[in-house]
2 protein chains.
Amino acid sequence: MAPNLAQTVAELGEFALIDAIAERLQNEPHEGVTVGIGDDSAVVSAQGSKVVACLDVLTQGVHFRLDWSSANDIGHKAAAANLADIFAMGATPTALLVGLALPADMKVAWVLDLAEGLRDEAAKVGVQVVGGDVVRGDSITISVTALGELGTQQPILRSGAKPGDVVALAGELGFSAAGLLMLSRGFRSPRALVGAHRVPTPPYELARAGHKATSMIDVSDGLVADLGHVAKASGVAINLDSSALVVDEVLTTAAGVFTCDAMEWILTGGEDHAFVATFSDALDVPAGWTVIGTVAQGEPVVTVDGQPYDRAGWRHFSA
Amino acid sequence: MAPNLAQTVAELGEFALIDAIAERLQNEPHEGVTVGIGDDSAVVSAQGSKVVACLDVLTQGVHFRLDWSSANDIGHKAAAANLADIFAMGATPTALLVGLALPADMKVAWVLDLAEGLRDEAAKVGVQVVGGDVVRGDSITISVTALGELGTQQPILRSGAKPGDVVALAGELGFSAAGLLMLSRGFRSPRALVGAHRVPTPPYELARAGHKATSMIDVSDGLVADLGHVAKASGVAINLDSSALVVDEVLTTAAGVFTCDAMEWILTGGEDHAFVATFSDALDVPAGWTVIGTVAQGEPVVTVDGQPYDRAGWRHFSA
């Protein structure tokens with residue numbers, strides 16, 4: 001029986017809600033899933049006898065706002081953030097598990113739209129939600145665990161960058177940060193920016209192509225901050241060449257209107273889930289990636305055009 | 001530098017908090033962990049090229065109350081609930097991932113005590129917290145993913161019970177439900193009951209010994225409800241023999257004082273995380289397990305002493 005979408009989750013009841021969610025999550029079965037939703041745990045392929053796993057939590061008001069994003073958008077975003085973490089290890093995703101804490105007065109329709117967003121983002125890389133939990137909570141909290149497998153590959157770590165490597169980027173930067181500013185000022189456009197904040201689109205296939213990288217990370221905190229993690233873990237100095245960072249016209253235009261610095265969005269904006277990696281040979285950098293810097297011996301810091309980067313400093317240099 | 005335990009998590013800041021948690025989680029390394037905390041994802045052993053994974057969410061006010069349970073208790077409980085789900089698949093746990101949503105005014109000391117509880121429960125089965133996420137939220141939400149491996153074993157599913165099997169139980173039932181009632185009436189004793197509600201103690205080693213089971217589940221919703229899942233998934237009828245269900249004296253005494261039915265606690269109380277399983281041969285039931293019923297052809301329902309079970313009915317029968 002189809003659930004009444006106008007009901008609240010409390011009215012529908014826990015077991016009927018779980019059944020409705022499981023039905024909405026249904027998709028073409030993934031061959032690596034031995035046991036999916038409905039048992040104590042899921043059982044999923046882990047070729048190479050190693051599993052890659054990460055867990056992210058998104059909370060209402062911090063990672064999403066119900067007046068800015070649809071449930072479907074939020075589902076996509078929650079899945080994308082986690083799938084990007086699997087690709088950043090050089091691994092192939094195999095499954096998602098999702099935990100939802102929901103206030104009793106949430107509409108069933110909203111929860112099922114969220115499930116659909118999760119399902120459709122997972123389907124982009126051929127995987128599914130194979131388990132999880134739904135509980136009552138004071139506010140909406142979405143926990144996603146992504147699983148992946150390595151096969152015969154070694155994991156690509158943050159600690160693998162070596163002096164002499166080149167730094168390369170796959171994907172767009174700054175769009176999500178600019179979109180967030182638009183939304184917070186009450187605008188719903190430009191769509192390219194606002195949409196990027198609502199639903200990041202990590203370039204999964206480019207990440208997969210970067211399997212010869214010596215280190216990789218997905219940009220969730222901002223390019224300089226995330227490369228800072230790589231510099232620290234690898235014990236190397238990283239210098240970025242700002243002229244190699246392409247500033248899209250939509251960013252330039254928006255920065256002009258709002259008196260912002262587009263390069264600051266690119267260097268510090270998080271949540272785009274682009275991938276940045278180091279390669280020992282420029283010939284290993286796959287098509288679709290852009291070389292944006294170099295790795296050298298030295299203090300584990302990130303510089304831009306040879307200068308220590310901080311926001312105030314950057315504004316000064318770029319004036 | 002040791003963190004200031006009296007600070008709030010907002011005062012300490014995100015990165016220092018994560019460092020402090022990671023330090024508190026430190027434990028003897030598990031040989032199956034290739035990559036632990038500190039990269040985009042963890043990498044963990046999955047012998048047999050399959051991973052077993054589950055995710056549970058615990059929310060403040062629903063699964064725990066800060067005035068009833070210490071942070072350490074809550075950490076133990078969150079880990080135990082998930083580890084039990086791995087053992088119920090016939091698998092061996094390999095790692096935990098933990099997501100925390102925390103209000104800005106939580107004390108650092110509380111969060112680190114929670115981490116210690118998680119660490120110590122995981123250590124009981126030789127595993128560790130290998131990754132996770134810490135975010136700001138309106139109330140405390142704890143998400144735990146447990147991972148496990150099967151090696152050459154097949155997973156033990158809910159769907160494997162066959163007519164002719166015996167039903168057997170490992171662990172205590174009803175203690176947590178009784179303890180919850182004591183706490184809700186303002187009591188802090190008897191310790192055996194209140195303690196069982198605060199920190200369930202799933203009999204992990206007994207579950208491991210039950211590897212010849214045809215089906216297994218951990219009792220989180222209540223014995224009759226959880227065996228109902230097995231009956232439905234397996235398409236069999238299950239009958240329990242109430243005389244085989246040992247009623248501990250502490251339950252009998254508490255039931256007398258509070259005018260409750262101890263057998264109702266045993267049949268319907270959740271959260272003890274005992275294990276119930278079916279075995280095709282009574283000789284396969286390991287030491288420490290008790291045979292409590294039988295599996296037969298028929299409608300997929302659970303009966304007690306041959307009668308359909310419902311709370312009202314049971315009260316009537318047992319009067």
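This briefing describes the symmetry, the chain contact, the helix packing and selected residues of the structure.

The model is predicted: local features need pLDDT of at least 70, side-chain atom pairs count only at pLDDT 80 or more, and totals for chains, interfaces and linings use all residues. Residues are numbered from 1 along each chain as its sequence is written, while chains are lettered from A and ligands numbered from 1 in the order in which they are written. Chain B can be laid on chain A by a turn of 180°, and the contact between them takes 48 residues from each of chain B and chain A. Helices (H or I, at least four residues) and strands (E, at least two) are DSSP runs, numbered from the N terminus.

**Symmetry of the two chains**

- Two copies of a chain are related by a rotation about an axis and a shift along it.
- Chain B is laid on chain A with an RMSD of 0.0 Å, by a turn of 180° and a shift of 0.0 Å along the axis; this is the relation of a two-fold axis. The superposition is by least squares on the C-alpha atoms of residues with pLDDT of at least 70 in both copies.
- Among the residues of chain B, B:Ser49 comes closest to the rotation axis, with its C-alpha at 2.0 Å.
- The same surface serves both copies, as 100% of the contact residues of chain B recur in chain A. Two residues are in contact if their C-beta atoms, placed from the backbone, lie within 7 Å.

**The contact between chains A and B**

- Chain B contributes 48 residues to the contact, and chain A contributes 48 residues.
- On the side of chain B that touches chain A, the elements giving two or more residues include strand E2 (42–45), strand E4 (92–102), strand E5 (129–136), strand E6 (141–149) and H3 of chain B.
- The largest share of this side, 9 residues, comes from E3(B), a strand that spans residues 50–59.
- By class, this side of chain B has 22 nonpolar, 16 polar and 10 charged residues. Here Ala, Val, Leu, Ile, Met, Phe, Trp, Tyr, Cys and Pro count as nonpolar, Asp, Glu, Lys and Arg as charged, and the others, Gly among them, as polar.

**Helix packing in chain B**

- Helix H3 (residues 71–87) and helix H4 (residues 108–124) of chain B have axes that come within 7 Å and cross at roughly 40°. That makes H3(B) oblique to H4(B). Axes are lines fitted to C-alpha atoms, for helices over the stretch in contact, and angles run from 0 to 180 degrees between N-to-C directions. Angles under 35 degrees count as roughly parallel, over 145 as roughly antiparallel, 65 to 115 as roughly perpendicular and the rest as oblique.
- The crossing of H3(B) and H4(B) is right-handed; a crossing is right-handed if the near helix is turned clockwise from the far one by less than a right angle, and left-handed if anticlockwise.
- The contact of H3(B) with H4(B) has 10 nonpolar, 4 polar and 5 charged residues.
- Helix H2 (residues 14–25) of chain B packs on H4(B) at an angle of about 35°, with the axes 8 Å apart, and this crossing is also right-handed.
- H2(B) supplies B:Leu17, B:Ala20, B:Ile21, B:Arg24 and B:Leu25 to its contact with H4(B). That contact divides into 8 nonpolar, no polar and 3 charged residues.

**Buried residues of chain A**

- A:Ile238 lies in strand E9 (residues 237–240) of chain A and is buried, with 26 other C-beta atoms within 10 Å. A residue is buried if 20 or more other C-beta atoms lie within 10 Å of its own, exposed if 12 or fewer, and partly exposed in between, with C-beta atoms placed from the backbone.
- Not counting residues up to four places away in sequence, A:Ile238 touches residues including A:Val167, A:Leu227 and A:Val302.
- A:Val285 lies in the loop between strand E10 (275–279) and strand E11 (290–296) of chain A, and it counts as buried with 22 C-beta neighbours inside 10 Å.
- A:Val285 and A:His211 are 74 residues apart in sequence and 9.5 Å apart in space, C-alpha to C-alpha.

**Backbone features**

- A cis peptide bond, with omega about 0°, joins A:Ser189 and A:Pro190; A:Pro190 lies in the loop between helix H5 (175–184) and helix H6 (191–198) of chain A.
- In chain B, a cis peptide bond joins B:Ser189 and B:Pro190.
- A:Thr259 has phi near 50°, a positive value in a residue other than glycine, and is exposed, with 6 other C-beta atoms within 10 Å.
- B:Asp305 has phi near 55° and is partly exposed, with 14 other C-beta atoms within 10 Å.
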